[in-house]
Amino acid sequence: NDAFCEQLVPRKTDLKDVALLILSIAATLLLTTILANFIGSFSILLFVAAAIAIWYYLVPRLKKEYEYYLLNYTLEVSLIQNKANRNSVIEFDIRKAEIVAPTGSSSLNTYRTTKSLDFTSGVKGAATYTIIVPIERDVYRIMIEPDENITEQMKLWLGPKML
């Protein structure tokens, strides 16, 4: 009699991630040109090593997905990077939510939060929900982009708390 829902939401690469990649490449090029005056052609090897490091460590981190895992009142959100590295980000009892409403709803304005987490795709116009939930000593504003299955299950459990 377990209730189980699961969903993957691919995160759109945002401007901050692209800027980080461009800055890393620009810094590598600048450092290589400065070092070329001191160590000559050996700086080319350093540039190649730095470029490989950027490609190996930074580029895979730009491919992000969020996984929503709803099992028996527990909502777990995990971050999956490059379709390989899975890290649990947050887990909480959905019944403890004060309100779950569409993002931008005026009903959310009365709640004061201490932390805000965005687990949506980042696509404008997507149907997103905001969950206000106390976890330990903080009150979180958690934004998700659930599908119909998760939305219907939360409506069953939350009743009037879900708008």
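## Fold order and overall form

Along the sequence, this predicted model runs through the pattern β-α-α-β-β-β-β-β-β-β-α. That comes to 3 helices and 8 strands, where helices (H or I, at least four residues) and strands (E, at least two) are DSSP runs, numbered from the N terminus. The radius of gyration is 21 Å, well over the 15 Å that the globule rule gives for 163 residues, so the protein is more spread out than a compact globule. Here the radius is taken over C-alpha atoms, and the rule is 2.2 Å times the number of residues to the power 0.38. Taken along the principal axes, the C-alpha atoms fill a box of roughly 70 × 35 × 30 Å.

## Surface and contacts

Of the 163 residues, 36% are buried (under 20% relative accessible area; exposed is over 50% and partly exposed in between, with a 1.4 Å probe and protein chains only). The protein exposes about 10,300 Å², and carbon and sulfur atoms supply 58% of it; the areas come from the Shrake-Rupley method with a 1.4 Å probe, and for residues only the protein chains shown count as cover.

Now to the contacts (heavy atoms within 4.5 Å). Among those with a separation of 6 or more, 60% are between residues 24 or more positions apart.

## Aromatic pairs

The structure holds 3 aromatic pairs. Rings of Phe, Tyr and Trp (its six-membered ring) pair if their centres lie within 6.5 Å; planes under 30 degrees apart count as stacked, over 60 as edge-to-face and the rest as tilted. One of the pairs is Phe4 with Tyr69: the centres are 5.2 Å apart and the planes at 75°, so the pair is edge-to-face. Phe4 lies in strand β1 (residues 4-11) and Tyr69 in strand β2 (residues 64-71), so this pair ties together parts that are 65 residues apart in sequence. Phe4 counts as partly exposed at 44% relative accessibility, and Tyr69 counts as partly exposed at 25%.

Tyr66 and Phe119 also form an edge-to-face pair, because their ring centres are 5.3 Å apart and their planes at 70°. This pair links distant parts of the chain, with Tyr66 in strand β2 and Phe119 in the loop between β6 (115-118) and β7 (129-135), 53 residues apart. Both Tyr66 and Phe119 are buried.

## A charge over a ring

The charged end of Arg95 sits over the ring of Tyr73, 3.9 Å from its centre. The cut-offs are NZ of Lys or CZ of Arg within 6 Å of the ring centre and within 35 degrees of the ring normal.

## Reading the numbers

Residues are numbered from 1 along each chain as its sequence is written, and side-chain values use heavy atoms, with hydrogens and water left out. As the model is predicted, local features need pLDDT of at least 70 and side-chain atom pairs count only at pLDDT 80 or more, while totals for chains, interfaces and linings use all residues.
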